[in-house]
Amino acid sequence: MLVEREEHLERLLRVQEAALAGRGRMVLVDGPSATGKTELLHAVADRAEAAGFRLLHAICARPERTHALGVMHQLCRYAGIPGYGTPGGPGTDAQSADDLCAALLERSAEVPLLIAVDDVQHADEPSLRLLLHLSRRLRSARIVVLLTDNTDVPSVNLQLRAELLRETGLTRLRVGPLGEAGITAFLTPRLGPETARRLTPYFTAATGGNPLLLGALADDWEGSDGDEGAGHSYSLALLSCLHRGDEAALALARARAVLDTEADDDTLAALAGAPVETTARAMAACGLLCEDGRFRHPAVRQAVLDDLSPRELSALHRRAARLLYDSGAQPGRVARHLLESGRADEPWAVRVLVEAADHHLLADRPGPAAACLDLAQRSSGDLAERAEILARLAHTEFQADPAAAARHLPQLVTADRAGRLCFPESALLVRQLLWHGRTEEAVDALERIRSGPAGRADASGEVADLEQWLSWAHPPLARPARPTVPGPRRAGTGRAGEGAVVAMLRSEPWLGRTAALAGQLVRDHPEAVERAEQGLWDLRLSRSAYWSEEAAVLALLTLLHGDRSDSAAEWCERLAVDAAERATPTWQAVFLAVRAEVAVRQGDHATAVERAQSALRSLPAKAWGVAIGLPLSSLIVATTRMGRYDEALRHLSQAVPATMYESWYGLPFLQARGVHHLATNHHRAALGDFLSCGELQRTWGIQALGPVPWRAGAAEACIRLGNTDRAKQLIHEQLTRPGASGGRTRGIALRLYAATCAPGRGLQLLTEALELLESAGDRFEQARVLADMSRLYNALGEQRRARMLFRQSLHVAKACEARPLTQELLAGSEGTASAVVTEPAPEHHRTRIDELTGSEMRVASLAVMGYTNREIAAKLFVTPSTVEQHLTRVYRKLKIQRRQDLPSDLWPNASKAG
């Protein structure tokens, strides 16, 4: 389609009519590439032939510039004149030129001639001279000479082109890209008027009005069912524009595509080997670039890159990297081109890649960081440097996928045996080997750390820190650290030597934090909880701090061990979100697994299942290594307590590394298996699991409560087996262990102890257990204590309080989704169950609860627990009459008549009431 070319056609028609009248003219149609010059020539030729003209057509091409008289040969062939300079044809001197012109003029007397030469900028010099010679003889001839010229391409015959432009009889027509109105007109026949108007802004921005690009983009639009976007046709048209234009423009386009947004004029010019300003202006004129020098469409850059061979593209990226490095560009910019080239041969390249990796890690881009480190370690010629970079690479990949990072372990083990790793990297290697259950290799690495030169650690205390962490995480491997005397560092480790990349040998403060937390857990230090919370506030998860995440996990376990489940849950959620934002799936999964364990301790079994499953989705089972025991144990306990025994059995049947039982991850798994065996009436198997936990902890030398309170589970199994004496012994041991003075563990032990005592003594123990479990926030164990209290009060004849406690126990069991416990309560207390209302409080009660004041809520919550007015007064340090007044107001607000009608929804506030 010829759009916005009406004026050009009109002027050419007048030239054609003048030629028919014997007044020949030369016409030059020029403009940027692909703006419709050839289409205009074809349209004029068709009209001329229809008017009786004979068409003599020649097409010039860049490779034929050196073919003398190539254009004239084409014209002579169309005219039926023997070829110029060939046997039987005119010669090549001035006389022969006159003869050729005379022959053409003679032919024009018979029939008018249209001599059309396309892309005259590529015409050979002798042919161009002949055309000039002919143009001076057109005044009284029936000849039109129509030339098209691409202004993007500088002419190789500037003098002749200047002479051509000075010709008095020359008619010059300029063509350019289409305007918005022209684009709409161009699109309307293909897309319809409404769609054409809607898409005009998009097509204008993407093509700059270039007709060739417009047509190609319209083809892509139609072929994609109306989706806006450039496709194959657009890319091919773009490359056609570039290749038919100036070679400098093509070089500039390639340079801009390689540099992308990093392009500045100086770097562009250096990479392209061409002046930027004039070339870019020419490219903008034909619609390839915006006025600010950017590509008009994202597809342009990719098309230009795809047009390069791999070797050409690699070479361009290497040159770009060198130019950027010499200009002082940021390491990340330089590293991008090194990565694209796939080579880092320059002496400075490895250092730049490592620095770029640091920047990527600080910006939470582990993927690019790993790519930089991988190329750096493959390119380094220094073996020690390579080993240290490889250790960093393994650490970076471990945080995304431990299974993928494991492929580096053999090479790291070899480097460690050769003494090429510093202490931080050796310690990190030990941790990863143990994660994957490769205990023998870990032991060898530990021996090298223990017996190697002291220079492998910045201070002797770091070895002791590693031993302290082992005493908690992998106790069989720990041993007291021997004193060391500082010695000389190995050559190059101080990073002052030549070829050094970065100071890899450094103090690791988070290893010290990790060791301190591990030691406090092992010894059950009284200040452990406060220190753990402070450590979490200080925590900055960082990929360059090897041990920060491990410290975070130990701090969370310390909070959980110290019965700070609410705080632990909050920190778990915060850390999991932080890990997700930092793109570290490994630690996100670990924090979710710890959150699942927290939910189990809170009796929130639905949340425990959801978080544990999320953890296993975040990190595939094969990537968990020995840590798989953490999410599996929570899943097993939660699904067992929910009555989903088949599901729990599937989790129990999952294959786990045998070395898991040599780490603390094996203890919660054994404990969970014991819980499942108890629930499914396999009491002896349960007892075996609990005793196995105890035997492992004794073997490891853990004197405090340890990671798992196994004695309580063993005692419950003994009670189920009828061995109350053994149960009492285990409970007594549990209660007298260091750190057993309060909290969840003591509450569980007291509940079990109450089961072996007389009712009066049992109620005292259960009351204390309830308070402890309320404080610890374990609702499931609270439900069990409430159920036991209800049975004892029922046995003592206090039916009212028994019913109240039964109702609360049932309510809490249902809130925990503990179906087996709920069924046990209903089956074992038929008389009591029939006397209480088990349905949840009506909606109007739940709404009116919000109207209670804080003091009214506290009194009502204790009343719903079954406490008398006097007991409530003693707990809240008020008078019994004040309690009675508060209850009266509560009854009025809730529109009930008596204490027994208090809704069960008040129970969750009971733990805060005292």
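In the largest nonpolar core, which has 238 residues, Phe203, Phe591 and Trp624 touch the most other members. Helix H29 gives the most to this core, with 11 residues. Such a core is a set of buried Ala, Val, Leu, Ile, Met, Phe, Trp, Tyr and Cys residues joined through side-chain atoms within 4.5 Å. Buried means under 20% relative accessible area (1.4 Å probe, protein chains only).

This is a predicted model: local features need pLDDT of at least 70, side-chain atom pairs count only at pLDDT 80 or more, and totals for chains, interfaces and linings use all residues. Residues are numbered from 1 along each chain as its sequence is written, and side-chain values use heavy atoms, without hydrogens and water.

- Beyond its neighbours within four places in sequence, Trp624 is in contact (heavy atoms within 4.5 Å) with Trp435, Ala589, Val590, Ala593, Ala615, Leu616, Leu619 and Pro631.
- A second, separate core has 34 residues, among them Leu56, Ala58, Ile81 and Ala97.

**Helix H29**
- Helices are DSSP runs (H or I, at least four residues), numbered from the N terminus.
- H29 covers residues 585-602; its 18 residues should span 26 Å at 1.5 Å a residue, and its end C-alpha atoms are 25 Å apart, which agrees.
- The expected span is 1.5 Å times one less than the number of residues.
- In H29, 16 of 18 residues are buried.

**Helix H22**
- H22 (residues 423-435) reaches 18 Å from first C-alpha to last, close to the 18 Å expected.
- 13 of its 13 residues are buried, so H22 is largely enclosed by the rest of the structure.
- Gly437 follows H22, with a positive phi near 75 degrees.

Conventions
Helix = DSSP H or I, 4+ residues; strand = E, 2+ residues; numbered from the N terminus. Buried < 20%, exposed > 50% of the residue type's maximum accessible area, 1.4 Å probe, protein only.
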